[in-house]
Amino acid sequence: MPPVKELPLKKLLGRYLLKYGLAIVVFGWVFATIERYFVSKKLSIDLFTGSFMDMLIGKSWDHMWYMYALFGTMLVVPILRLITKHCQKSYIYYFVVVFGLFLTIIPIGEHYLQFKLGVALPFNSVYCFYMLLGYWIDHKDILISKKISAGIMAVLFPVIIVLTVLQQIYQFDTEVLFAYFSPIIDVLSVGIFSFFRNTEHLLSAKETPAFVKFLGKYSFGVYIIHMFWINIAYKLLKIDPFQINAIAGFFILWIVISLLSVLTSWVMKHIPLLKKIV
């Protein structure tokens, strides 16, 4: 995205899109197959063909939404890069404001006020808005200090916790407030991104702890595979992570699944056919 960072189409297609596309096909298909098998309890040709179609339409395990969104966003990165490289800053600000209005503010209003605005934005991916907003912050066009960004997180994290409690106790409608197009998530994302951009100078490449490098290397695989272990706990062992009353029990389950996910990611990194994907 930054104009100084080159991203030739060959690299985009041969590295990023190929990797993400293979991750969707391989893991999305496997997860969709497992899900269908949990229902049918039998192996058949229809099981594999049906799960393949599920993968194509994005009907895999829920966490795979990110891979579909990432693939689609990467397709338009060259367009966004042209905007940031050649457009005047006033136009970039214009795009950020228009995207923010139509992709975050208006959808919230439409949900709670029960109306549908007749005007729609053809370029309707909120993730493009996030990328342009990140560029805006990254180039210091929005001056957000470390104290302000920390304050944003200090305020919004408790707000999210309170809204979650209200949802559980009073069935308060918070689904769209926690969606990725929500202004709350927008502002929280700005705070988190700004905070780390303001503090990254404290950690040079030579000073990066070994465990941080380790997690950076295997985090993508952990994200892909962690839902497998959650499904094992939920559907085979009949352990519902959301019904565990004891905080300690939930924490232990989280630790076990995290360790298994890291180990699985490490193993996949040593399998020739998978290491290029994860």
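The following paragraphs describe a predicted model of a single chain, from its overall make-up to selected residues.

Residues are numbered from 1 along each chain as its sequence is written, and side-chain values rest on heavy atoms, with hydrogens and water left out. In this predicted model, local features require a pLDDT of at least 70 and side-chain atom pairs count only at pLDDT 80 or more, whereas totals for chains, interfaces and linings use all residues.

The chain holds eleven helices and zero strands, where helices (H or I, at least four residues) and strands (E, at least two) are DSSP runs numbered from the N terminus. Taken along the principal axes, the C-alpha atoms fill a box of roughly 60 × 50 × 50 Å. Of the 278 residues, 36% count as buried, a term that stands for a relative accessible area under 20%, with exposed meaning over 50% and partly exposed in between (1.4 Å probe, protein chains only). Among the contacts (heavy atoms within 4.5 Å) with a separation of 6 or more, 73% are accounted for by residues 24 or more positions apart.

The interior includes nonpolar cores, each a set of buried Ala, Val, Leu, Ile, Met, Phe, Trp, Tyr and Cys residues joined through side-chain atoms within 4.5 Å. The largest such core has 31 residues, of which Leu80, Val96, Phe99, Leu103, Phe129, Leu133 and Ile184 touch the most other members. Two or more residues are given to this core by each of helix H4 (77–86), helix H5 (89–113), helix H6 (126–138), helix H7 (146–170) and helix H8 (183–199), and H6 gives the most, with nine residues. Leaving out residues up to four places away in sequence, phenylalanine 99 touches Thr104, Leu121, Phe123, Cys128, Phe129 and Leu132.

Met227 belongs to helix H9 and is buried, with a relative accessible area of 19%. Beyond its neighbours within four places in sequence, methionine 227 is in contact with Trp61 and His63. The C-alpha atoms of methionine 227 and proline 272, which lie 45 residues apart along the chain, are separated by 22 Å.

In helix H3 (residues 65–75), the buried residues include Met67, Ala69, Leu70, Thr73 and Met74. These residues cover an arc of only 165 degrees around the axis, and they are therefore on the same side of H3; the arc is that of the directions from the helix axis to the C-beta atoms. The cover over the buried residues of H3 includes helix H1 (9–40), H4, H6 and helix H9 (210–236).

Serine 51, located in helix H2 (residues 45–56), is buried, with a relative accessible area of 0%. Its side chain makes a polar contact of 3.0 Å with that of tryptophan 29 and another of 2.7 Å with that of threonine 33. A polar contact is a pair of N or O atoms within 3.5 Å; within protein, one must be able to donate a hydrogen and the other to accept it, and residues adjacent in sequence count only if both atoms are side-chain atoms. Not counting residues up to four places away in sequence, serine 51 touches Trp29, Ala32, Thr33, Arg36 and Asp46.

The structure also holds 17 aromatic pairs, in which rings of Phe, Tyr and Trp (its six-membered ring) have centres within 6.5 Å, with planes under 30 degrees apart counted as stacked, over 60 as edge-to-face and the rest as tilted. Ring pairs link Trp65, Tyr66, Tyr127, Tyr180 and Tyr223 into a cluster.
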